Amino acid sequence: MADMERLNKFLAHAGVGSRRHCEELILRGRVQVDGKVVRELGTKVEPTQEVYVDGEPLKQERPVYYLVNKPRGYLCTNHDPAGRPLAIDLVPHVPQRVYTVGRLDEDSEGLLLLTNDGDLAFRLMHPRFGVEKTYLVQVAGHPEKEDLQQLLKGVWLSDGYVRARRIKRLKSQGESTWLEIVLSEGKNREIRRMLARLKHKVMRLRRTALGPLILGRLAAGKSRPLREVELNQLRNAVERAGRKEPHAP
């Protein structure tokens, strides 16, 4: 039927999480459709069917989009057994079940997008779409021109080959240097590990942009809903990126 939808996409649209996370829930047998556990990723459902996650009925939520300036010390997860502060704690006024689009590690700060739109989140973070992420980075020491060229050429990490798309040296500050680094992927602690390979420790890292979405003057720890024009710009960026050929390593 024309209005049937893949189960993982259905779950993502309902705010359960990213499509990848929803696939994991299905494979673990935590999803039921019309009272039966479903483990097949290709399963399609109709809007009229009853879908449960961990025994709780699923309700389609209105999609929401919030820009957050994450301070250092906050985690990009929806649960932490140690009880540390979470990025979602910064939007307590949002009734929908939102999650972060991509992650900033605990010691990093800056722009986060929180949403329950799993489809947009997937496209913004998947390397195939190559949506750029911009960071201000303070590193110990003064990287040479050759160091920056190596980051643009690429380095090998334990989980693969990575490289920066663009780098700009901004200024020196004592025995440190500020750089602007643009990536099109988002491996775990990627910038920190890339610079560590070149013997430069990251002292501070702040994400300032996600595609066309700019952090601007939003204060640390504060949030605001995306403006309609910003949301349209994000969607257009994903569509344009999706039409480009993948970059070869």
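Begin with exposure: a residue is buried under 20% relative accessible area, exposed over 50%, and partly exposed in between, computed with a 1.4 Å probe on protein chains only. The model is predicted, so local features need pLDDT of at least 70 and side-chain atom pairs count only at pLDDT 80 or more, while totals for chains, interfaces and linings use all residues. Residues are numbered from 1 along each chain as its sequence is written, and side-chain values use heavy atoms, with hydrogens and water left out.

**Stop 1: Asp54 and Arg30**

Select Asp54. At 46% relative accessibility, Asp54 is partly exposed. Asp54 lies in the loop between β5 (51-53) and β6 (56-57), and Arg30 in the loop between α2 and β2 (31-33), so the pair ties together parts that are 24 residues apart in sequence. Helices (H or I, at least four residues) and strands (E, at least two) are DSSP runs, numbered from the N terminus.

Stay on Asp54 and check the backbone. Asp54 is not a glycine, yet its phi is positive, at about 55 degrees. Most residues other than glycine have a negative phi.

**Stop 2: Asp34**

Which residue other than glycine also has a positive phi, near 55 degrees? Select Asp34. Asp34 is in the loop between β2 and β3 (36-37). Its relative accessible area is 43%, so Asp34 is partly exposed.

**Stop 3: Arg19 and its partners**

How many salt bridges does a search of the whole structure find? The count is 14. For another of them, select Arg19 and Asp119: their closest N and O atoms are 2.8 Å apart. Arg19 lies in helix α2 (residues 19-27) and Asp119 in helix α3 (residues 118-125), so this pair ties together parts that are 100 residues apart in sequence. Are these two residues buried or exposed? Both Arg19 and Asp119 are buried. Arg19, Asp119 and Arg123 are linked in a network of salt bridges.

Keep Arg19 and show Phe122. Arg19 lies over the face of Phe122, at 4.2 Å from the ring centre. A charge sits over a ring if NZ of Lys or CZ of Arg is within 6 Å of the ring centre and within 35 degrees of the ring normal.

**Stop 4: the aromatic pairs**

The structure holds two aromatic pairs. Rings of Phe, Tyr and Trp (its six-membered ring) pair if their centres lie within 6.5 Å; planes under 30 degrees apart count as stacked, over 60 as edge-to-face and the rest as tilted.

The ring centres of Phe122 and Phe129 are 6.5 Å apart and the planes stand at 75 degrees, so the pair is edge-to-face. Phe122 is partly exposed, at 22% relative accessible area. Phe129 is buried, at 5%.

Next, select Trp156 and Tyr161. This aromatic pair is edge-to-face, with 5.1 Å centre to centre and 65 degrees between the planes. Trp156 is exposed, with a relative accessible area of 57%. Tyr161 is partly exposed, at 23%.

**Stop 5: Arg192 and Asp105**

Select Arg192 and Asp105. Their side chains meet in a salt bridge, 3.0 Å from N to O. Arg192 lies in helix α5 and Asp105 in the loop between β8 (99-100) and β9 (109-115), so the pair ties together parts that are 87 residues apart in sequence. Arg192 is buried at 13% relative accessibility. Asp105 is buried as well, at 18%.

**Stop 6: the cavity**

A search of the whole structure finds one cavity of 30 Å³ or more. On a 1 Å grid over the protein atoms alone, a cavity is a set of points where a 1.4 Å probe fits but cannot get out; lining residues have an atom within 4 Å of a point. Grid points are joined across faces, edges and corners, and a volume is the space filled by probe spheres set on the points.

What volume does the largest cavity have? About 30 Å³. To see its lining, select Leu151, Ala164, Ile167, Ile181, Ile191, Met194 and Leu195. Helix α5 (residues 190-197) gives the largest share of that lining, three residues. The lining divides into seven nonpolar residues, no polar and no charged. Here Ala, Val, Leu, Ile, Met, Phe, Trp, Tyr, Cys and Pro count as nonpolar, Asp, Glu, Lys and Arg as charged, and the others, Gly among them, as polar.

Technical notes: 1 Å grid on protein atoms, 1.4 Å probe; cavity = no way out; pocket = protein on both sides within 12 Å on 5 of 7 lines; lining within 4 Å. Salt bridge = Lys/Arg side-chain N within 4 Å of Asp/Glu carboxyl O.
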